[in-house]
Every structure is written in structure tokens, then in C-alpha cells.
Amino acid sequence: MKKPQQITVLGATGSVGLSTLDVVARHPDLYQVFALSGFSRLKELLALCVRHAPQFAVVPEIGLARTLQDDLVAAGLDTRVLVGEAGLCEVAAHPQVDMVMAAIVGAAGLRPTLAAVEAGKKVLLANKEALVMSGALFMQAVRRSGAVLLPIDSEHNAIFQCLPVDYARGLGPVGVRRILLTASGGPFRETPIADLMGVSPEQACAHPNWSMGRKISVDSASMMNKGLELIEACWLFDARPDQVEVVIHPQSVIHSMVDYVDGSVLAQLGNPDMRTPIAHALAWPQRIDSGVAPLDLFKIARLDFQAPDEQRFPCLRLARQAAEAGNSAPAVLNAANEVAVAAFLERRIRYPEIASIIEEVLNLEPVISVAELDAVFEIDSKARTLAKQWLVRSGR
Ligand code: NDP
Ligand code: MG
């Protein structure tokens with residue numbers, strides 16, 4: 001019998017992390033948890049360690065590490081606790097690891113995800129912000145190391161499933177006309193635009209179809225999530241921004257489509273549950289049970305489609321602009337968005353101001369070419385400073 005594959009789950013305490021562990025636990029003969037990381041939810045991390053008995057756990061700082069280590073010893077576990085970004089990179093690149101689930105949210109996930117890529121691991125990529133910030137460098141590292149990169153974002157996983165195996169030759173040679181990226185439209189798809197000024201973080205996080213972390217939930221409400229996904233799709237599938245069309249599909253049953261030159265459109269369908277793309281990527285090219293209920297088409301009964309309205313969703317327009325400008329623009333967009341979303345979640349700004357902040361920062365920052373990772377972090381930090389200056393200037 002084959003030995004179980006060793007998996008590191010970065011961001012184990014989050015929504016994607018927990019879904020990953022749910023699928024992994026269904027297949028103890030196939031997968032064994034090697035390392036888990038958490039950031040603020042450390043009680044949950046302890047419980048996950050008790051459940052999965054990993055060799056390593058990673059936390060952000062030394063005081064928390066000591067507490068967790070004591071609790072693990074008391075629980076009779078020999079899990080070793082590592083600290084900070086260095087600890088994350090160590091468990092991502094460890095020689096005993098076969099695959100890494102990259103499910104930390106935001107820019108914080110970039111270095112550990114790249115460490116897994118550079119070590120040539122099978123990388124299950126949920127952390128879209130990493131690719132948005134440093135797409136060119138990231139994809140170069142994938143090609144150099146021979147890492148196997150599998151998309152977890154449900155749309156990209158769907159596109160991957162609808163493309164032929166040799167799509168790396170480019171979309172033209174395999175007969176793809178365009179990629180149709182579906183979007184639910186989020187909780188504010190039909191809210192009168194004038195009312196958006198008064199919406200709360202709770203309303204923004206109440207996604208109609210998906211249960212997700214708070215940052216991506218706000219991104220879904222503003223459709224910045226779709227904008228980030230557009231950029232993600234361009235890197236993953238070597239597409240130009242004008243080859244990716246966004247289609248609002250409120251039922252979230254079709255997870256995306258590929259339109260071929262002969263008029264065929266291939267789609268991947270399923271219940272909106274991240275365990276499907278996770279199970280697909282874990283087992284690829286095989287298939288395993290994910291625990292997701294079969295799709296009941298009679299219950300769904302109808303599928304609707306709509307064009308997105310950029311007046312309602314200015315973040316989508318800004319993301320497309322950044323995708324077209326390329327170079328440093330997506331990193332600036334991402335950094336400004338992270339600051340603006342955090343400020344909205346802390347009730348320091350109103351929902352429409354998320355787009356105002358991003359637009360101002362994009363206008364202030366010149367687009368420059370990016371040749372190395374340090375430059376990416378410099379751009380990220382400058383954009384964050386500009387976004388924070390907006391907050392200070394506006395008395396927030
Ligand atoms: P969550 O907020 O639920 O989880 C984020 C994870 O990252 C948690 O484990 C959190 O730890 C950890 N974390 C947060 N900040 C830091 C930091 N500074 N350093 C290290 N670890 C940190 O997010 P989701 O699971 O929803 O999303 C994770 C990623 O996957 C995002 O990039 C998102 O865009 C992407 N994604 C998510 C989907 C979903 O359905 N949720 C779908 C497609 C993509 P703790 O909880 O302990 O604080
Ligand atoms: Mg998605």
C-alpha cells in the first residue's frame with residue numbers, strides 16, 4: 001500500500017483550512033497532516049492539533065508558542081511549535097512534505113506560499129492575493145522549481161477542469177476563445193445604490209451562497225474578489241484580461257466556464273461548497289469523496305445570468321484597470337484593498353469608501369516594473385501607507 005501523503009495546511013484555523021481538514025480526515029489512508037498554522041484562533045488550533053496530531057504547529061509569536069507548546073504537552077502530543085514567517089516557510093518547504101494548502105488570507109501568505117513553490121511541492125493555492133501581488137515572479141518560480149500548482153479558488157478550479165491538459169501551450173493553440181468567470185453578485189446585487197452608504201460589515205459578510213472568512217466576504221460584496229480572480233486567472237491560465245469575461249450568476253452552481261472557438265462552452269457545476277475544489281486538487285488527477293451532497297438540479301430548477309454593473313461595483317472596474325496596467329498595479333490594488341477592507345470591518349469607513357481609497361491609491365502610485373520580491377513588498381508597503389494617509393486625512 002502507498003504511504004499517505006504528508007500535507008501542511010497554512011491557515012488551518014480559517015474557512016478553507018477547516019474545509020481542507022474535513023476532506024483530509026475522510027481519507028486517513030491517503031493523507032496525513034504534517035503541519036498546521038493559526039494566527040489568532042489558537043484554542044481552535046490546539047483542538048485541530050489534538051484531532052490531527054501534526055508534527056508541527058505554527059503561531060505568530062513566541063509567547064503564544066510557549067502557551068501552545070505547554071498545552072500540547074499536557075494533551076500528550078509531541079507536536080513541535082514553530083514561530084512566525086520563518087516557521088511558516090519551514091513547514092511549507094520541509095523535505096517530508098508532499099503538498100501544501102496555501103490558505104492564509106492576504107499578503108501575509110505570499111512568502112510561505114512561495115517557499116512551498118520554490119521547494120517544488122504540490123501547492124494547492126487558495127491565497128489568491130499572493131498571485132495578484134507577484135504573479136510574474138510567482139509563475140517564474142513555479143516553472144523553475146517544477147512545483148505542481150493547483151487552483152483551489154472554485155472558479156479557477158472549475159476553469160482548470162474545463163481546460164484540456166495541454167493548456168500550458170497557451171489558450172490560442174488549444175482553441176479557447178474566452179474564459180467566463182462567474183460571480184454570485186454578493187449580498188448587494190440588488191440593494192439600491194443609494195443605500196450602500198449605510199450597509200454594515202455584518203450585512204457585507206452575509207454572503208447568499210458561500211460561507212467564508214470576513215475579508216473575502218467583503219471582497220465578494222464589493223466584487224473586488226472577482227477583480228482579484230480576474231488577475232489570478234490571467235496568471236494561472238496565461239490569459240489576457242480581455243479574454244476573461246465576468247458573468248453574474250446568482251445561484252453559484254456553475255463555478256465558471258470555458259468558451260471554445262467551435263462554439264462549445266464547457267462548465268463545471270456543483271453545490272457551492274469549497275470541499276469540492278479542495279478534494280479535486282488533493283486527489284488530482286484522481287477523484288475522491290469530498291462529503292459534498294450531490295447536485296439536485298430539480299431543486300435548483302433555473303440558472304440566471306447577468307452582466308455586471310460597474311457603477312454598482314466600482315472595485316471590479318478598478319481591478320480590470322490594474323490587470324490591464326500590469327506590473328506593480330495589481331500589488332497596489334491588493335494592498336489598498338486590504339487596508340480599506342480592514343477599516344470597513346472595524347467600522348472606520350463606509351462601504352463605498354473602500355473603492356474611493358483604492359482609486360486614490362492607484363492614481364497616486366506610478367506603475368513600475370517589478371523584478372524581485374523585495375520590490376513587491378516595497379510597493380505593498382507604500383500603497384498601505386497611502387491608504388492609511390487617506391484614513392488619517394479623513395479623520396478615521
Ligand atoms: P479566513 O479568514 O477564514 O482564514 C484565514 C487564515 O489565515 C486563518 O487560519 C488565519 O488564522 C490565518 N491568518 C490570518 N492572518 C494571518 C497572518 N497575518 N499571518 C499568518 N496567518 C494569518 O479566510 P478564508 O479561509 O476564507 O480564506 C483564505 C484564503 O483563501 C484567502 O486568500 C481567500 O481569498 C482564499 N479563498 C477563500 C475561499 C473561501 O471559500 N473561504 C474561496 C476561495 C479563495 P486565525 O484564524 O487563527 O486568525
Ligand atoms: Mg472564488
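## Exercises on a predicted model

E2, helix H2 (residues 42-52) and E3 form a β-α-β unit that is right-handed. Right-handed means that, with the strands pointing away from the viewer, the path from the first strand over the helix to the second runs clockwise. Helices (H or I, at least four residues) and strands (E, at least two) are DSSP runs, numbered from the N terminus.

The model is predicted: local features need pLDDT of at least 70, side-chain atom pairs count only at pLDDT 80 or more, and totals for chains, interfaces and linings use all residues. Residues are numbered from 1 along each chain as its sequence is written, chains are lettered from A and ligands numbered from 1 in the order in which they are written, and side-chain values use heavy atoms, without hydrogens and water.

**Exercise 1. Trace the strands around E3 (residues 56-59).**

Step 1. Take strand E2 (residues 31-37): it runs parallel to E3, joined by 3 bridges. Strands pair if DSSP finds at least two bridges between them. Ser37 has Val58 as its bridge partner in E3.

Step 2. Move on to strand E4 (residues 80-83), which pairs with E3 in the parallel sense over 4 bridges. Here Ala57 stands opposite Val81. The chain gets from E3 to E4 through helix H3 (residues 62-74), in a right-handed β-α-β crossover.

Step 3. Check the faces of E3. Phe56 and Val58 are buried on one side, Ala57 and Val59 on the other. Buried means under 20% relative accessible area, exposed over 50%, partly exposed in between (1.4 Å probe, protein chains only).

**Exercise 2. Find the protein donors of the magnesium ion (ligand 2).**

Step 1. Look for N, O and S atoms within 2.8 Å of the metal (3.2 Å for Na, K and Ca); water is not among the atoms, so sites may look incomplete.

Step 2. List the donors: Asp153 (OD), Glu155 (OE) and Glu229 (OE), at 2.1 to 2.2 Å. Their sequence spacing is D-x1-E-x73-E.

Step 3. Check burial. Asp153 and Glu155 are both buried.
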